[in-house]
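Subject: Structure handover and notes

Hi there,

Here is the structure I promised to pass along.

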Amino acid sequence: MTATLRRTARFAFTGALALAIAGCGGGEDAEKAAADAAANRQAQYQEQLLAAGLAHDVQCLGAIRWQEAALREADVGDLDIYRSYFRSGIENRLGETVIAADPPQPELSQANLDAYLDWAYADQVENVFRAGGDGGSSAGRGFQIVASCIQEVAEMGEGPLAGPDKNARMFRIEALRNSLEDKGA
């Protein structure tokens with residue numbers, strides 16, 4: 001069962017439990033149980049948003065690092081703009097939170113961010129950007145990730161690809177994708 005299905009089943013069970021308790025009488029207890037279930041669902045949803053946002057920003061930092069030389073040649077501007085954008089996204093989302101992990105993965109925290117990013121980079125190169133080791137379709141997916149991360153920053157108004165001309169940006173991003181795929185991993 002995938003994690004999404006487990007979470008969906010957990011939400012359904014929690015909601016059904018709250019309804020069952022509400023139907024058994026004891027108005028105050030039922031209201032408290034329903035409120036607790038709603039708070040639990042909201043907390044789980046917030047955790048999912050945090051995890052998804054962190055995963056995205058970490059993946060984009062890894063993707064930019066993975067294709068650093070090709071991006072310099074592709075004239076997308078100073079790569080520190082992109083690094084800063086995604087790193088600040090991680091730092092803002094993370095705050096004082098510490099996300100524990102099983103070795104060899106280090107914990108994710110402000111104090112340990114560089115070590116975590118180094119570990120994540122190596123893991124992503126092996127398991128996402130070049131999965132299978134053939135440089136084929138998985139590398140193509142990695143190139144798409146790189147281009148979409150560059151595009152995200154541009155659409156947020158930062159970097160040399162930013163600006164009001166969305167058509168020009170689209171063609172430059174498409175040229176970047178083609179350039180990355182032509183160069184290979």
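Of the residues of the chain, what percentage count as buried? Of the 185 residues, 30% do, where buried means under 20% relative accessible area, exposed over 50% and partly exposed in between, with a 1.4 Å probe and protein chains only.

A word on the ground rules. This is a predicted model, so local features need pLDDT of at least 70 and side-chain atom pairs count only at pLDDT 80 or more, while totals for chains, interfaces and linings use all residues. Residues are numbered from 1 along each chain as its sequence is written, and side-chain values use heavy atoms, with hydrogens and water left out.

**Overall fold**

The chain has seven helices and zero strands, taken as DSSP runs numbered from the N terminus (H or I, at least four residues, for helices; E, at least two, for strands). Read from the N terminus, the order is α-α-α-α-α-α-α. Among contacts (heavy atoms within 4.5 Å) between residues at least 6 apart in sequence, 62% join residues at least 24 apart. The accessible surface comes to about 10800 Å², and 53% of that belongs to carbon and sulfur atoms; the areas come from the Shrake-Rupley method with a 1.4 Å probe, and for residues only the protein chains shown count as cover.

**The nonpolar core**

In soluble globular proteins, nonpolar side chains tend to be buried together. A nonpolar core here is a set of buried Ala, Val, Leu, Ile, Met, Phe, Trp, Tyr and Cys residues joined through side-chain atoms within 4.5 Å. The largest one holds 37 residues, of which Leu 71, Val 76, Tyr 82, Phe 86 and Ile 150 touch the most other members. The elements that contribute two or more residues to this core are α2, α3 (68-73), α4, α5, α6 (137-155) and α7 (166-183). Leaving aside residues up to four places away in sequence, Val 76 touches Leu 71, Tyr 82, Ile 150, Pro 160, Leu 161 and Leu 176.

Ser 109, in the loop between α4 and α5, counts as buried because its relative accessible area is 4%.

**The disulfide**

There is one disulfide, defined as a pair of cysteine sulfur atoms within 2.5 Å. Cys 60 and Cys 149 form it, with their sulfur atoms 1.9 Å apart. The link is left-handed, with -75° about the S-S bond. It joins distant parts of the chain, as Cys 60 sits in helix α2 and Cys 149 in helix α6, 89 residues apart. Both Cys 60 and Cys 149 are buried.

**Aromatic pairs**

Rings of Phe, Tyr and Trp (its six-membered ring) pair if their centres lie within 6.5 Å; planes under 30 degrees apart count as stacked, over 60 as edge-to-face and the rest as tilted. By this rule there are four aromatic pairs. The rings of Trp 66 and Phe 143 are stacked, because their centres are 5.3 Å apart and their planes are at 15°. This pair also links distant parts of the chain, with Trp 66 in helix α2 and Phe 143 in helix α6, 77 residues apart. Trp 66 and Phe 143 are both buried. Tyr 85 and Phe 86, by contrast, have ring centres 5.0 Å apart and planes at 90°, so that pair is edge-to-face. Tyr 85 and Phe 86 are buried as well. Ring pairs also link Trp 66, Phe 129 and Phe 143 into a cluster.

**Salt bridges**

With a salt bridge taken as a side-chain nitrogen of Lys or Arg within 4 Å of a carboxyl oxygen of Asp or Glu, the count is nine.

- Asp 118 and Arg 65 meet at 3.1 Å, N to O. Asp 118 lies in helix α5 (residues 113-129) and Arg 65 in helix α2, so the pair ties together parts that are 53 residues apart in sequence.
- Lys 32 pairs with Asp 36, the closest N and O atoms being 3.3 Å apart. Both lie in helix α2 (residues 27-66), four residues apart, about one turn of the helix. Lys 32 counts as exposed because its relative accessibility is 52%, while Asp 36, at 43%, counts as partly exposed.
- Arg 83 and Asp 80 meet at 2.5 Å, N to O. Both are in helix α4 (residues 79-94), three residues apart, about one turn of the helix. Salt bridges that share partners join Glu 68, Arg 72, Asp 80 and Arg 83 into one network.

Happy browsing!
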